Amino acid sequence: MIRYLILLAVLILSCKPSTEKKIAAEEPQTTAPDTLSSQSEPVFETSEDATLAQLQGVWVSTEDSKSYLKVTDEQLLMGYEGIEDASNTYTLRIADQLPDGQPSNPDTQYLILTQEGDTMNYAIDKLTEDSLTLLYLPRGNFLSYTKRKS
């Protein structure tokens, strides 16, 4: 009878899952934490801030290489090679909806340009590191730009 009890105990112990593997699996990974000081990418509070940062620089029209947009901070200059007129400078704002309750697409960001009470609205159709496509509203024509390398 004792022989059967010993055999039963050995059988039970051999079928019991190993706790060593379980403990090893539960131990946290020892990788370095991601800190703000170690990140090379800037951190933005909103997607609008990130878009504004990505817009900074000079964008040249794909249809007319003399036409360009120059974005500096929250100012946008619509320029033409050889003619730089301060009256073509607008205050720039990125928004997730159009002003004055106009119908807006919740998945679209808008470029709102204002100057002395006048407002122009553009939907940002595409924005990458080197390409920008805007949709002028309400007319609906597309304006395409490439970013000028510094």
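Asparagine 121 counts as buried, because its relative accessibility is 8% and buried means under 20% relative accessible area. The structure described here is a predicted model, and within it asparagine 121 belongs to strand S6. When its neighbours within four places in sequence are left aside, asparagine 121 is in contact with Leu98, Pro99, Gln102, Leu111, Ile112, Leu135, Tyr136 and Leu137.

Alanine 123 is also found in strand S6, which covers residues 118–127. Alanine 123 counts as buried, with a relative accessibility of 8%. Its contacts, again leaving aside neighbours within four places in sequence, are with Thr108, Gln109, Tyr110, Thr133, Leu134, Leu135 and Leu137.

Glu45, Asp49, Asp73 and Glu74 form a negative surface patch. One of these residues, aspartate 49, lies in helix H3, which spans residues 47–55. Aspartate 49 is partly exposed, because its relative accessible area of 35% falls between the limits of 20% for buried and 50% for exposed.

| Residue | Relative accessible area | Class |
|---|---|---|
| Asparagine 121 | 8% | buried |
| Alanine 123 | 8% | buried |
| Aspartate 49 | 35% | partly exposed |

Definitions and conventions
Residues are numbered from 1 along each chain as its sequence is written. This is a predicted model: local features need pLDDT of at least 70, side-chain atom pairs count only at pLDDT 80 or more; totals for chains, interfaces and linings use all residues. Side-chain values use heavy atoms; hydrogens and water are left out. Patches are made of residues with over 30% relative accessible area and no salt bridge: like charges are joined within 9 Å, nonpolar side chains (Val, Leu, Ile, Met, Phe, Trp, Tyr) within 5 Å. Accessible areas come from the Shrake-Rupley method with a 1.4 Å probe; for residues, only the protein chains shown count as cover. A salt bridge is a side-chain nitrogen of Lys or Arg within 4 Å of a carboxyl oxygen of Asp or Glu. Lys and Arg count as positive and Asp and Glu as negative; His and the chain ends are not counted. The place of a charge is taken as NZ of Lys, CZ of Arg, CG of Asp or CD of Glu. Helices (H or I, at least four residues) and strands (E, at least two) are DSSP runs, numbered from the N terminus. Buried means under 20% relative accessible area, exposed over 50%, partly exposed in between (1.4 Å probe, protein chains only). Contact means heavy atoms within 4.5 Å.
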